[in-house]
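I set out to record how the parts of this model meet. The entries follow the order in which I looked things up.

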Amino acid sequence: MTEFRKMADRFEQMLAAEKIGKYTFCLTESEKQELNVENGSFKLMRTVFNNNGSLTVFADNRKGSAGGNDITEEGLKKLIGDARAAAESSPADPCHDIAPDQGKHVFRQGVQEADLDGFVSRIREFLDTVAKDYPKVRVMMAIGSFDTWHWLSRNTNGTEFEGFGGQYGFSIEICATDREKTTGLNYTGVSMKSLDRPLIEIGEIRNKLEDIQNSIYPDTLEGKFEGTVILTPDCAQEFLFMLMQNYISSSVIMDGTSLWLDKVGEQVASEKLTVALKPFDDRIINGERGTGDGFLAEDVTLIEKGVLKTHWLNLYAANKTGRPVVKNTGSDLVVEPGDTALADIIASVDKGLILGGFSGGQPGTNGEFSGVAKNSFLIENGKIKNAVTETMVNGNLGEIVRNIRAVSKELCVDGGMVMPYIAVDGVVVSGK
Amino acid sequence: MLQDVIGSKTALFSDGVQTVLRGHENRNRRVVLLKGDVVQNSRSDARGTSARVNMNGTFGFASIAEYSPEAAERVIKAATENAVFLAKHSGRNIALPKAPGSGVIPLNREIEDTEQKEIIELCQMVDRYVAEHCPELTSRVIVYTEDSQDRIVYSSDACSGHLVTPRCYIYVNMTAESKAGVPVEMFKAFGGFGSFRDNFSKPEEMFPEIDRLYQKVMDKREGVYAEAGYKTVVLGGMMGGMLAHEAVGHTVEADLVAGGSVAGPNLNKRVASDLVTMVDFAHTYEGKQAPLPVYLDDEGIKAEDAELIRNGILTGYMNDRESAEKYGMIPKGNARAWTFSDEPIIRMRNTCILPGKNTVEELIASVDDGYYLIDSGNGQADLTGEFMFGVTCGYEIKNGKLGKALLDTTVTGVAFEMLKTVDMVSDTVEWSSSGFCGKKQPMAVGMGGPHMRCKIMIGGR
């Protein structure tokens with residue numbers, strides 16, 4: 001640890017010697033221990049020792065960045081040369097800047113010491129439980145990863161952030177088979193601070209196993225209808241990130257193409273929807289602490305009871321557009337639960353889908369989405385029917401958040417997000 | 001470029017296991033101009049050393065962010081320890097694949113670096129051209145992206161070699177507004193394998209294509225939604241390439257076959273009309289360099305073409321050494337890793353459906369009521385062969401003539417059913433190489449295809 005700080009001190013000396021007056025840098029060292037299961041048995045163990053150095057130089061309002069994993073003196077010297085050359089090649093733009101002095105802070109998050117034997121046991125337990133409870137499910141791939149990292153960032157405004165993080169991660173890729181009949185793939189992942197719970201009980205893992213086993217003999221839909229789609233938590237997260245990217249992110253506000261360009265303070269979604277980025281929520285593991293611009297990260301509510309509270313702007317975009325900066329560049333999505341049980345939401349649907357996954361083209365700034373419903377089930381007259389195949393869903397991101405029928409009481413907590421089921425109306429579902 | 005400093009450490013390879021030692025460097029250069037403003041301007045380099053040890057079917061892999069003889073020693077030791085640790089739990093006892101033959105694959109080319117200043121000046125030139133010649137746009141984004149791999153591979157019982165794969169692209173993204181005030185977007189990638197100078201020494205050669213892109217965006221402003229349903233379409237060459245990669249390619253990767261993909265029970269059976277032949281090319285196509293040539297993979301296998309479908313019959317899979325042994329096939333060099341810290345897994349290289357005999361004009365003229373689908377933004381596929389492509393550029397076909405442009409939509413189908421509906425194939429192939437395939441790790445891949453007439457599910461309102 002001392003060596004790491006010495007390295008940062010030395011980097012600052014080198015930057016001073018090069019007479020670079022404004023910069024921000026971050027040095028990181030990390031370690032990964034990864035256990036890989038293929039088709040039900042342990043196949044590979046992977047270890048990664050990595051470093052990363054990143055430097056952004058501001059020279060007369062010209063900005064250039066360089067990165068690399070060589071953080072020896074020679075590597076740092078190269079970073080300085082590359083970042084300076086990039087900055088000096090760039091046109092001047094007074095909107096480039098770094099956050100004012102945030103003080104000095106040390107962050108300790110997650111878990112630092114791995115129990116690899118315990119992790120192997122938990123994965124083995126998971127494989128045994130799947131074999132017993134879901135005999136038709138194949139665990140094509142399961143990855144148990146224990147990651148630790150240590151980072152230190154400083155800038156010329158006086159800020160110093162130092163972070164120590166670590167977590168267990170577990171992700172699966174599964175299918176189900178019966179004789180020669182195979183389902184499509186389904187996958188999910190979770191992050192954990194400890195191994196105190198069986199892996200199958202965390203996040204959406206058990207739901208995914210249940211769904212895939214019930215999907216071996218799907219139906220093909222005939223024709224099309226406009227109905228209700230219940231977004232499962234993983235799917236809701238994907239749709240909300242697409243919405244944020246296309247309606248409130250820095251790029252679409254800067255270029256003026258966002259359909260919510262002048263909607264801050266206005267009702268843009270159903271009052272049932274409250275969306276926030278909450279890195280300090282206890283349910284989020286290793287939430288963001290320092291932003292890419294050098295601010296101390298904050299919890300930020302983006303949409304509150306359907307009202308757009310802010311765009312999601314970094315410092316450059318804020319300076320460019322004269323709008324407020326958001327001190328959050330992370331992805332720690334927390335959506336408030338509703339007051340309806342999932343079972344009651346399903347019971348209220350005349351015709352629709354439970355959307356387990358979405359395989360579609362990237363929506364543009366008009367918000368139109370079109371894609372294939374994956375791992376999805378038909379709902380008719382309030383009852384869940386069979387799984388569907390070759391079924392497409394089409395709609396508009398801006399419209400579906402206005403047409404929210406219900407948000408579930410139940411929440412998925414997987415270490416990276418807190419997400420309910422969200423039922424939306426007005427989606428076109430089409431079959432063959 | 002990497003100099004060979006790890007070769008002497010092959011003396012540390014143990015008997016009774018298969019070991020691969022790799023030095024690996026990735027470089028990235030990126031500049032983004034949004035309406036003329038430089039919003040990203042960065043360079044990065046990452047290098048390191050890795051080793052993989054196969055101990056009777058249990059694999060240990062270790063990597064470190066350092067490229068040196070000492071690093072090579074450490075990763076060989078750590079990879080061996082990882083294999084020993086996991087062997088206690090794996091229960092695998094699989095005979096090591098037989099040695100495929102050894103040799104040395106020579107360095108295929110040098111990597112040339114480019115100063116950031118030149119990159120920014122090129123982006124600014126392209127941006128100025130778009131600003132001056134495309135007046136109806138509401139936004140424009142010019143992206144320069146360059147990535148390269150430089151790998152030195154030593155195998156205990158296969159080939160060794162030194163390979164580099166540089167590629168660079170300029171993406172021109174255009175946004176305009178429809179009469180209803182709704183944004184419509186389209187992009188085009190320029191560039192390919194090679195250095196900045198290989199691809200962009202005559203930037204003015206991009207201008208006619210930029211003009212055509214602008215015209216397509218103007219058409220799309222007046223665009224209509226596709227009518228959802230099962231339609232006759234002409235897939236353009238870029239879509240044909242996406243089909244080759246997503247819809248068929250992934251299902252015939254042997255690790256997915258082992259997982260239960262639809263290709264398992266269909267080997268040596270008809271999966272497409274007899275007009276369809278498909279090959280994963282290693283490095284050469286029709287006597288010329290393939291878009292992203294691969295001469296040696298990261299298990300030390302000398303790369304050769306892998307035939308997948310011949311005249312509609314599924315004839316093979318893409319394999320690594322272990323899966324080839326399992327399926328009684330020959331490994332053709334498909335085990336690839338993206339960065340120094342990645343283990344090799346089965347990946348495509350230059351996957352292509354071969355051309356047929358019709359002209360593109362004949363295909364379009366043959367459709368009474370359908371769609372001409374030209375460009376795709378992204379695609380995904382499933383074990384079942386169910387695939388999805390986002391369509392970013394397309395037109396109606398009415399009575400054999402092109403009609404109105406389409407707004408963004410998506411097509412889907414089940415590969416081995418959809419390919420049986422292919423009844424006309426054009427005599428030319430279009431290639432793309434700018435994309436990344438995602439499968440645990442990213443990977444640069446080439447994909448190509450002819451125009452094809454077929455039936456497909458299209459999404460719409």
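The entries below cover conventions, then the domain interface, then the chain interface.

**Conventions.** I worked on a predicted model, in which local features need pLDDT of at least 70 and side-chain atom pairs count only at pLDDT 80 or more, while totals for chains, interfaces and linings use all residues. Residues are numbered from 1 along each chain as its sequence is written, chains are lettered from A and ligands numbered from 1 in the order in which they are written, and side-chain values use heavy atoms, with hydrogens and water left out.

**Domains of chain A.** I noted domain 1 (2-213) and domain 2 (219-432) in chain A; such bounds come from an automatic or database domain assignment. Their C-alpha centres lie 25 Å apart. I found 35 residues of domain 1 in contact with 25 residues of domain 2, contact meaning heavy atoms within 4.5 Å. The two domains bury about 2,300 Å² between them, 52% of it on carbon and sulfur atoms. Buried area is the accessible area (1.4 Å probe) that two parts lose on being put together, summed over both. Cys95(A), Gln109(A) and Glu204(A) supply 25% of the area that domain 1 buries against domain 2, more than any other three residues.

**Charges between the domains.** I counted two salt bridges between domain 1 and domain 2 of chain A, a salt bridge being a side-chain nitrogen of Lys or Arg within 4 Å of a carboxyl oxygen of Asp or Glu. I also looked up the salt bridge of Lys208(A) with Asp234(A), where the closest N and O atoms are 3.4 Å apart.

**Chain A against chain B.** I then turned to the contact between the chains, which takes 78 residues from chain A and 74 residues from chain B. Together the chains bury about 6,000 Å², 52% of it on carbon and sulfur atoms. Lys43(A), Met45(A) and Asn69(A) supply 10% of the area that chain A buries against chain B, more than any other three residues.

**Charges between the chains.** I counted eight salt bridges between chain A and chain B. In a salt bridge, the side chains of Lys374(A) and Glu386(B) meet at 2.9 Å, N to O. Strand β2 (residues 41-59) of chain A gives the most to the side that touches chain B, with 11 residues; strands (E, at least two residues) are DSSP runs, numbered from the N terminus.

**Strand pairing.** I found six bridges joining β2(A) to strand β3 (residues 58-64) of chain B, and the two run parallel. Two strands pair if DSSP finds at least two bridges between them. Leu44(A) stands opposite Phe59(B) in β3(B).

Definitions and conventions. Helices (H or I, at least four residues) and strands (E, at least two) are DSSP runs, numbered from the N terminus.
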